[in-house]
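Please open the model in your viewer and keep the selection tool at hand.

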Amino acid sequence: MKHALKHFLNTQDWSRAELDALLAQAAAFKHDKFGDELKGRSIALVFFNPSMRTRTSFELGAFQLGAHAVVLQPGKDAWPIEFELGTVMDGDTEEHIAEVAQVLGRYVDLIGVRAFPKFVDWAVDRQDRVLNAFARYSPVPVINMETITHPCQELAHVMALQQRFGTTDLRGKKFVLTWTYHPKPLNTAVANSALTIATRMGMDVTLLCPTPEYVLDERYMGWAEQNVAENGGSLAVSHDIASAYAGADVVYAKSWGALPYFGNWEPEKPIRDQYKHFIVDEAKMALTNHGVFSHCLPLRRNVKATDAVMDSPQCIAINEAENRLHVQKAIMATLAHQ
Ligand code: CP
């Protein structure tokens with residue numbers, strides 16, 4: 001009997017042993033950059049949104065393991081795609097995901113997808129329709145390159161923490177996921193992912209955000225609670241900067257829009273504008289346990305974090321970005337050989 005195709009859509013779908021194996025292989029790829037694990041293979045990288053790190057690291061990672069990457073931007077250099085079922089396609093879309101995914105699957109061995117929310121209706125966006133449609137119709141494994149979660153970033157972050165702390169065991173570390181100001185309401189993907197993976201690793205996690213309206217979607221809060229129950233550690237929500245930072249080993253920053261205002265962002269603007277002081281600065285980092293700071297990047301300096309924090313030895317954001325290359329090579333190699 002043919003086994004079910006394994007995708008990399010969320011880390012929560014993977015066992016802890018499988019994630020540990022990916023991280024171990026990523027560490028090996030850091031030492032030995034080139035290999036033939038993907039010799040003669042290919043990957044389609046489908047981008048509905050811009051990227052610097054993800055595109056570069058996937059393209060080069062595939063090349064370094066002997067594969068070829070094809071980048072497609074539907075609506076720009078590829079036909080706009082329809083995702084609704086049973087729709088009369090008399091609008092702007094030229095072909096349906098049913099054909100796109102199946103045709104790509106005849107050409108390539110893997111498909112990566114980046115598809116951010118539309119920021120109109122969270123009830124719709126939280127279904128992750130684009131990613132799930134690719135997974136549904138694709139005959140080859142699909143990799144989430146950031147939709148409403150960012151699982152590749154999760155592994156890159158964990159790898160950076162393991163490197164900095166010199167251990168694969170992150171239990172007992174105090175991890176603070178702090179909301180930061182940004183002039184626009186951003187995607188919750190990285191925040192959802194940070195909460196998921198930090199609890200999965202058994203850390204003591206505090207979600208620091210301005211008000212209860214900035215707490216994340218119940219699916220990800222639920223995953224975090226489930227992870228604490230299964231792996232130990234703890235989960236707390238705080239709106240108090242000083243107590244959240246106190247004794248922290250890790251400060252991870254991200255900005256996101258408050259979900260109750262999703263699609264109706266005007267009333268959220270004056271609220272978020274009151275919380276510019278959530279910026280990560282030296283005074284806050286001084287409250288930590290000589291903690292490390294990181295961010296997924298891109299980051300607006302002196303809005304989300306100060307120059308002093310970004311340029312300090314405590315900042316591991318560049319290591320984390322480098323690790324995208326290593327972890328994604330591990331993900332591609334693992335999925336291609338299932
Ligand atoms: N962190 C991240 O995914 O970066 P890009 O948006 O540049 O790909």
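Select Met52 together with the ligand: a polar backbone atom of Met52 lies 2.7 Å from an oxygen atom of the ligand, a polar contact being a pair of N or O atoms within 3.5 Å, where within protein one must be able to donate a hydrogen and the other to accept it, and residues adjacent in sequence count only if both atoms are side-chain atoms. The protein buries 93% of the 250 Å² that the ligand exposes when taken alone, with accessible areas from the Shrake-Rupley method and a 1.4 Å probe, and for residues only the protein chains shown counting as cover. This is a predicted model, in which local features need pLDDT of at least 70 and side-chain atom pairs count only at pLDDT 80 or more, while totals for chains, interfaces and linings use all residues. Residues are numbered from 1 along each chain as its sequence is written, and side-chain values use heavy atoms, with hydrogens and water left out.

A polar side-chain atom of Ser51 is 2.7 Å from a ligand oxygen atom, and one of Thr54 is 2.6 Å from a ligand oxygen atom.

Cys296 is buried at 7% relative accessibility, and Cys315 is buried at 13%; buried means under 20% relative accessible area, exposed over 50%, and partly exposed in between (1.4 Å probe, protein chains only). The whole structure contains 0 disulfides.

Now move to strand β8, residues 204–208, where 4 of the 5 residues are buried. Helices (H or I, at least four residues) and strands (E, at least two) are DSSP runs, numbered from the N terminus. Strand β7 (residues 174–179) runs parallel to β8 and is joined to it by 5 bridges; two strands pair if DSSP finds at least two bridges between them. Select Phe175 to find its bridge partner Val205 in β8. Helix α7 (residues 189–200) carries the chain from β7 to β8 in a right-handed β-α-β crossover, meaning that, with the strands pointing away from the viewer, the path from the first strand over the helix to the second runs clockwise.

Finally, select strand β9 (residues 234–238), which pairs with β8 in the parallel sense over 5 bridges. Thr206 stands opposite Ala236 in β9. From β8 the chain passes through helix α8 (residues 218–231) to β9, and this β-α-β crossover is right-handed.

Note on methods:
A disulfide is a pair of cysteine sulfur atoms within 2.5 Å.
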